[in-house]
Amino acid sequence: MKNSILTFVFILLIGFCGYSQTGKVIKVKDGDTVVILDKDNVQHTIRVADIDCPEKNQPYGKKAKWFTSDQIYLKTVVVKAKKKDKYGRTIGFILYENKNLSLELLKAGLAWHYKYYSNDKEMARLENIAKNNNKGLWAESNPINPYNWRKGQRN
């Protein structure tokens, strides 16, 4: 009985506090979605937290994927999980070489800060710097955020 209560409390804490997971990146699906392989050879799909990269068929979509590949493909990363999404993917921050992939994508101008889910001031600042410097997707005359692109609102 005591062990089952402790297990239940642990599961609750994971849900509220997030958890860390380590794995090797074995696939980059797009700029903000990767697959890692953990120490037990179990695959986990990770959606990078608090940012949204262009879709593959959208301007800068392939560049975002290449950037992510250059940064973390075949490397061991730590995922600081926030939650699971409706598709069963872990949403989390991917940490590697003292870097945070969310921040690196924003700095490179290859992602939008997902303000609907995040009020992180550093992310907003990095997005604004990229915009002001016409970096990456911000060099486009009218960049369309991926949410609108997915909904078919294209110019």
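## Strand pairing around S1

Gly23 has Val77 in S5 as its bridge partner. That bridge belongs to an antiparallel pairing of S1 with S5, joined by five bridges. Strands pair here if DSSP finds at least two bridges between them; strands (E, at least two residues) and helices (H or I, at least four) are DSSP runs, numbered from the N terminus.

S1 also pairs with S2, again antiparallel and over five bridges.

## What you're looking at

This is a predicted model, where local features need pLDDT of at least 70 and side-chain atom pairs count only at pLDDT 80 or more, while totals for chains, interfaces and linings use all residues. Residues are numbered from 1 along each chain as its sequence is written, and side-chain values use heavy atoms, with hydrogens and water left out.

## The nonpolar core

The largest nonpolar core has 31 residues, and Val34, Ile51, Ile72, Val77, Ile94, Leu101 and Leu105 have the most contacts inside it. Elements supplying at least two core residues each include S1 (20-30), S2 (33-37), S5 (76-84) and helix H2 (61-72). S6 gives the most, with four residues. A core here is a set of buried Ala, Val, Leu, Ile, Met, Phe, Trp, Tyr and Cys residues joined through side-chain atoms within 4.5 Å; buried means under 20% relative accessible area, using a 1.4 Å probe and protein chains only.

Who does Ile72 touch, leaving aside its neighbours within four places in sequence? Its contacts (heavy atoms within 4.5 Å) are Val25, Val34, Val77, Ile94, Tyr96 and Leu101.

## The pockets

The largest pocket has a volume of about 730 Å³. Its lining counts 27 residues, with Arg47, Arg89, Tyr114, Tyr117 and Arg150 nearest the centre. H5 gives the most to that lining, three residues. By class, the lining splits into 11 nonpolar, three polar and 13 charged residues; Pro counts as nonpolar and Gly as polar, with Asp, Glu, Lys and Arg as charged.

The second largest pocket comes in at about 150 Å³. Pro59, Glu140, Asn142, Pro143 and Ile144 are the closest to its centre, out of 11 lining residues. Its lining has six nonpolar, four polar and one charged residues.

For the cut-offs: on a 1 Å grid over the protein atoms alone, a pocket is an open set of points where a 1.4 Å probe fits, with protein on both sides within 12 Å along at least five of seven lines, and lining residues have an atom within 4 Å of a point. Volume is the space filled by probe spheres set on those points.

Technical notes
Buried means under 20% relative accessible area, exposed over 50%, partly exposed in between (1.4 Å probe, protein chains only).
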